[in-house]
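Open the model in your viewer and get ready to select some residues. This tour visits aromatic rings.

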Amino acid sequence: GGMIMGELRFMQGNETMTEGAIAAGARFYAGYPITPSTEVAETSSIRLPQVGGVYIQMEDEISSMAALIGASCSGKKSYAATSGPGLSLMQENLGVAVLGEIPCVIIDVQRSGPSTGLATKPAQGDVLQARWGTHGDHSMIVLSPSSVQDCFDLMITAFNYSEQYRTPVIFLSDEIIGHLREQVIIRSPEEIKVVERRHPDCPPQMYKPYDHTEGLAPLAAYGSKYVFKVNGSMHDEMGYPCARPDNADRMIRHLSDKIESHRDEIAITRKYAMKDAQYVIIAYGGSARSALEAMKKGRSQGIPIGVLQLVTIWPIAEKDIREAMEQAEAVVVPELNLGQYIGEIRMRNPKHIPVEGVNRVDGKPIEPADILKKIEEVAR
């Protein structure tokens, strides 16, 4: 192998997320401790002050989300970590960030629910909450890590997408990955691509924070010479409340299009042994690890299995999912829920092949053997 740029360490997923955020330029954290994400808060409370950043523990996740918006409007990259019930509390203010087009990153280390559920056990039950949790029409960017290295590299991607598309991004992890310990390369700064939001360079009186006629409008910082409004009500290109039907139509379509029209650039997938695959496992997050192990075991028995891993789960990796569905004889979707993503895959099934879920909701991870058993069933 080549030279490793950076430092090789043995770290936990949650701790590594903090290092990824700092490497991406994040300098503000406002959160509330919640199992199984608390280590992100703990490490952030130590690491942020060391790099000139600010860590605040808020009274709840509602205020945490509000503080992220304020810090981001002040020009600082901001983030918080939570789990299921905390993400539920963030939803209303998440809507403010969506409509105000304010960049920030929310880490959700999923655990079993509803409510307090099994607070220490892994699940993937927030997949649809991450996409549709806040009311109204909009799109969302949601990334799903499957290794500790992802907790570093993908965290940087999450911040980059957030800045580039002026949107909140959800980093949808799960307890398996959050508490996993593995070797990880903490990459050196010269190896990392960091995207910064565009700042306006027009005269202050000309600044229009929501004028997206030439790509996304630049975002000024509070306290600079630019005065701008962030409004939770439908607003015009100046940020002033505006209820005109044509304005509402333009703004709401924009909140969807700015992400959906760049779907192919945002959608990250990984393909394993797909060249000759007749049976395809489509998986994400912690369950992708079991999928890869099932693929290896199946291949050793002569079953041509491939894996399509969805790293970006929203927006949908339309092209790669369709290609996999056209190639496969059957598809298996392992999820730590009763089937939250499989519906999206079933909608993209031109040949009407079997699409079967492997689902587990007892607080334990999916075993490779469970996936293999399902493939043997559909192969009959």
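Select Tyr29, Tyr55, Tyr79 and Phe159: ring pairs link these residues into a cluster. Rings of Phe, Tyr and Trp (its six-membered ring) pair if their centres lie within 6.5 Å; planes under 30 degrees apart count as stacked, over 60 as edge-to-face and the rest as tilted. The model is predicted: local features need pLDDT of at least 70, side-chain atom pairs count only at pLDDT 80 or more, and totals for chains, interfaces and linings use all residues. Residues are numbered from 1 along each chain as its sequence is written, and side-chain values use heavy atoms, with hydrogens and water left out.

How many aromatic pairs does this rule count? The count is nine.

Now select Tyr161 and Tyr165. Their ring centres are 6.3 Å apart and their planes meet at 65°, so this pair is edge-to-face. Colour helix α6, residues 148-165. (Helices are DSSP runs of H or I, at least four residues, numbered from the N terminus.) Tyr161 and Tyr165 are four residues apart in this helix, so about one helical turn separates them.

Are these two buried or exposed? Buried means under 20% relative accessible area, exposed over 50%, and partly exposed in between (1.4 Å probe, protein chains only). Tyr161 is buried at 9%. Tyr165 is buried at 5%.

Next, select Tyr222 and Phe228. This aromatic pair is tilted, with 4.9 Å centre to centre and 40° between the planes. Tyr222 is partly exposed at 38%, while Phe228 is buried at 9%.

Last stop: select Arg131 and Trp132. The charged end of Arg131 sits over the Trp132 ring, 3.8 Å from its centre. A charge sits over a ring if NZ of Lys or CZ of Arg is within 6 Å of the ring centre and within 35 degrees of the ring normal.

How values were computed: Helices (H or I, at least four residues) and strands (E, at least two) are DSSP runs, numbered from the N terminus.
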